[in-house]
Amino acid sequence: MAEAAPQSQGVSSRGAGSGGRGRRGRGWRGRYRGSGRGGSSANASGSGNGNVEGSQTTTITTQTAPPPQVTAPISQTVVSDAPYSQDGQSGRVRGDRGRGGRGRGRGRGGTAQRSIVTSHRGGRGPPVSAPRQADSSLSQSQARQGFNIGAAEFVPGQPIVANSNTKGPRENRPPKSAPAPRPVMEKSTAEDLPTRIHEDIDNGQYECVICTSEVVRSSRVWSCSICWTVAHLHCVKKWHKNQIKQKEENQGPNQSDGWRCPGCNSNLLEDPASYHCWCGKEFDPKPIPGLPPHTCGQTCSKPRATCPHPCSLMCHAGPCPQCTLMGPTQTCFCGKNTVTKRCSETDYTNGWSCQEVCGDYLPCGEHTCAQPCHPGLCGACYVPMPSTCYCGKKRKEIPCNQRDDLLESFNYGQVDDEEEWFDGSFQCSNVCSRKFDCGHHACQKACHPQDEETAHCPFSPDMVLKCPCGKTPLASLPAEPRTSCQDPVPRCDKPCDKVLACGHHCPDKCHTGTCAPCFQSMDVSCRCGRVTDTSACHLGHVEQPQCFRVCKAQLNCGRHECGERCCSGEKKAAERRKQKRAVNENYESEHICLQVCGRLLKCGKHTCQQLCHRGSCNACPEAIFDEISCSCGRTILHPPQPCGTRPPECRFDCRRARPCGHPTVPHQCHPDDVACPSCAFLVERPCICGKKVLKNQPCWFEDARCGLPCGKKLKCGAHECRKPCHKPGDCEDAEVAGSHCTQLCGKARKSCDHTCGDECHAPFPCNEDKPCQSMTFTTCPCQRKKSPIRCGATRFNSGPNKHITLKCDDDCLRLERNQRLAEALNIDPDHSDSHVPYADKTLKMFRENMAWAQSQERELRVFAADPEVKRMRFKPMPNHQRAFLHSLAEDYGLDSESQDPEPHRHVCLFKTPRFVSAPKKTLAQCLRLVKSAATAAAAAKPATPANSQPSPQAFNALLLTTPRFGLTVEEVDRALASDIAEASRSGPALSFKTSFLPSEDIVIKAIPNFTAAAIATSLAPTPQAVESVLKDFKSAVARTISKAGLANGVVLCHADSSLNIVRREGDQAAGADGWSAVASKGTWRRAPSGKVAPPPVANSSRAGGGFFALRKLELRKKKAEEGKVEVVEDWEAAAGKLEGESSDKGNGATSSGTEDEQQGHHDSEQEQGSLVAADA
């Protein structure tokens, strides 16, 4: 609004004394009228921006009312062109275009300066703007406007002295008055919805249903296509996002697609995407002055539901009005008349009727429809017609539509008419009964059209050529030939065997007439198919009985059982469970739950009304139209809100006072069901037993306890309460009836030194007649064996029988003999052998986690010692721990397997016949033995001379040279499976692994098995034994690969832990150096392309010269001698002997032993990796 300012005096450029005229101007804040002729001031009013012409005032002034105070954060600028004047000429106001209308004005006056007046809607007044000089040549009156007659003389370089006696033009202004109240615009009362929406948005009276803020012209809006509610686009997007998020969190089987409108709660499928005009033609429309808000100004053109004409109005909000155009020409139902009406009056869906008689032919083709003009077909003809049946025996009137086809029938005298032929139109229930040509038999067919000629008798001799059952020709029967239709038809001795109505065959002998009823028995199953019973034939109408078995199948909801007796879908449900189909997939119709869910929704007020279903229920579809506030009422959620919405989180502090009187800790406002933070002030509080006063106790802690035992005498008088600090009356015997307590008696028995173990029996003495149940033990004479026994002392028996002692067994005698022998030979009694019954990989994994591994070993030893337990299950654990259990079980001779998927995968152990007992040594003892042996070997190892050569390494693998192109490891293993199995059975415990080398050759490496179970059932896997097995295995492999064409040759070799070929068959000694080594490496190199090197097997067989057959025989004898291995019964002693021999040889073959240890370590690692992979 323009602020009041004093009118300045001036002279009009058109002439003095003539006053300007003021016209009515309209502004968006109200109407003001101002007019005047002459005078010293001009009266004008208006809130719109305007230009003042013909006046020398700088701002618009109002005398009748002070300018209103506007608080909205909007500013408007008024630009007025008016010359400065000192006389009372009034000008005319030109109102700028505002929200309420447009004002214009004319006035007299010359060229004027342009001043800017700003209308603020804030709390402060507008700033005063200095006038701009529009012309360089000002009049005298204009020049005198800024001069003061009483001003002091201006002296350059001196400050300006203000004259207090004179007043400038600004000081002559009247004081400002209070602002006028802002007029409140009421909501629109227009008849149609689009106009109400437009006017309310223009007047700032339309509220968003989500945020309750005003929807104005500059807002980006969204409108519902069902209820036409308008809301802010960003609010609707947030509403849509929250609903989609709730659906994702609470997914259900019967959940509907789309989202709910915030206004009408209808289900919408189209997402709120972008801001567009009401008709949707223009995106991001700009406000157009003079047009309704959010419109594009184009024709709406929306299609109407029941009208072919699109909407012809300008783009508008809300629904389109009814069409006012003329509709198309419509024909009535019968097609006799036409009519043209307004589009709104035309019934496009149902059409119209002229109410004249239809007159169309009915389906009979004889009669016409007598109904008034009607839609659809005319229907059947119900005109009664006199009709005769086909056989002519019955006449009656029947409706025209119930007659059958009109067929001609011959009148042989059954109809009274004189005509020979008549039209039959229906079939009666009588039998024809017309005599055949024989004159004896009559037709037994149902009513049918009659022919002129009499039918031939079907019993004539020329018609009946077979017996009644139809199996035997009459000519083959011994009976006399038939000469008349009355002669009986001969019958044969065969069964009738005609198919009855029930499906069985007639069991009687060949007979005439109809077959007798079926009396055969049949198996009938119940509805569920589990019970089958034998009953008489049902004559084609089988009704399945019901058994008493109740169906326990689960319905598709997962909450209820079928419970039906003899359910027909029980077998299908069993097949479905067997196939493990997914949830809600292919459920039987009998097992669809039809109950209402009825579970309480998350809102806590309503129940789920959907069919019983799996999973959680959907969100409550109801809405709340009341305000939801926090506990203090300062934070409010405006409606509508989904049902079950909790009060909002308030950012203000809680105002509740503490009952203890201490100051509250600042904390956020919270619901009533959440308690305030506990009072943390420290106070003195007595304990609940009253013995002490505890200091520094939190104020909120009421049950302070000192922790000391109670110590009060119980009711028995012999014991004291052992409970820690407690409330009075809560001692141990508070809930015990009688004069005793629940503690043990504890008194010393007179018959023995033990205490009474019975419950307190005060005031009665201890029962000495009952034997003492305390445990003691008895031993054998050497005190090696010890057995626990009960004391058993009574009043008459002072203790256990002293003569009950254990007898020494053979172990006692052996230990006594060994002890004497050790004392005689001065042997340490703690001596034990150095055999390690565990694999290297087991010791390696034991070394990594000794504490955990020892606990598992203890459980495994307890399992191995119990002969009754055959199966043991460990708890779920990681794969590296399961690998340790698999390796340890293999050393014990137990079978192991992993069960269940991750993360519940665990190890199960089983005792099989190959299990004997657990090893005597523990893993920790064996680990110490290995360390001590390694230390002793390192200390006793002599210095190797510089010129000494190590012994050649034993062969441990086979090398397949020049394999076939595209050959895979699986094909090699499949081809050599039988040979590998034979090699594993004939020698020590070995496993073979096939791998490809970088040179494309294939190596088959033998991996020894050093477990106790394997050594107990086979030979010790020494390097010499492995090489012997490989030599025998080589010939079988050579025959197989030659027959299958897998490779060109087979060579014995030694492969280290990294599958590097260190030695091959035919090479020189491992210690050869210099040119000899280079030459030996060249002997096994691959031949150039196109030339295949001869297999090394052939070269080795011809080495040595001589007669080939005798040489081959000598080699066979040599292999047979080498293959003979002495089998010993004590495998532990044999293993110790072999270890001793290997340790003696280790001094001369250091490098070979080291590589063997590396090879064993690598093999154990490979086995461990394979166990982990198989376990995973």
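**Helix packing and aromatic rings**

Analyst: In this predicted model, helix H7 (residues 850-865) and helix H8 (residues 879-892) have axes that come within 11 Å and cross at roughly 40°.

User: Which residues of H8 make the contact with H7, and is the crossing left-handed or right-handed?

Analyst: From H7, the contact involves Trp852, Ala853, Gln856, Glu857, Leu860, Arg861 and Ala864. On the H8 side it is made by Gln881, Phe884, Leu885, Leu888 and Tyr892. The handedness of the H7 and H8 crossing is right-handed.

User: How are the rings of Trp222 and Trp259 arranged, stacked or tilted?

Analyst: The whole structure holds 5 aromatic pairs. In the pair of Trp222 and Trp259, the ring centres are 5.7 Å apart and the planes stand at 45°. Stacked planes would be under 30 degrees apart and edge-to-face ones over 60, so this pair is tilted.

User: How many residues apart in sequence are the parts that this pair ties together?

Analyst: Trp222 belongs to strand E7 (residues 221-223), and Trp259 to strand E9 (residues 259-260). Both tryptophans are buried. Because they lie in these two strands, the pair ties together parts whose separation in sequence is 37 residues.

User: At what distance from the ring centre does Arg576 lie over Tyr587?

Analyst: Elsewhere, the charged end of Lys396 sits over the ring of Phe426, 5.1 Å from its centre. Arg576 lies over the face of Tyr587, and its distance from the ring centre is 3.9 Å.

Note on methods: Residues numbered from 1 in each chain as written. Predicted model: local features only at pLDDT ≥ 70, side-chain atom pairs only at ≥ 80, totals over all residues. Heavy atoms only, no water. Phe/Tyr/Trp six-rings, centres within 6.5 Å; stacked < 30°, edge-to-face > 60°. Helix = DSSP H or I, 4+ residues; strand = E, 2+ residues; numbered from the N terminus. Buried < 20%, exposed > 50% of the residue type's maximum accessible area, 1.4 Å probe, protein only. Lys NZ or Arg CZ within 6 Å of the ring centre and 35° of its normal. Axes fitted to C-alpha atoms, helices over the stretch in contact; angles between N-to-C directions. Left-handed = near helix turned anticlockwise from the far one by under 90°. Contact = heavy atoms within 4.5 Å.
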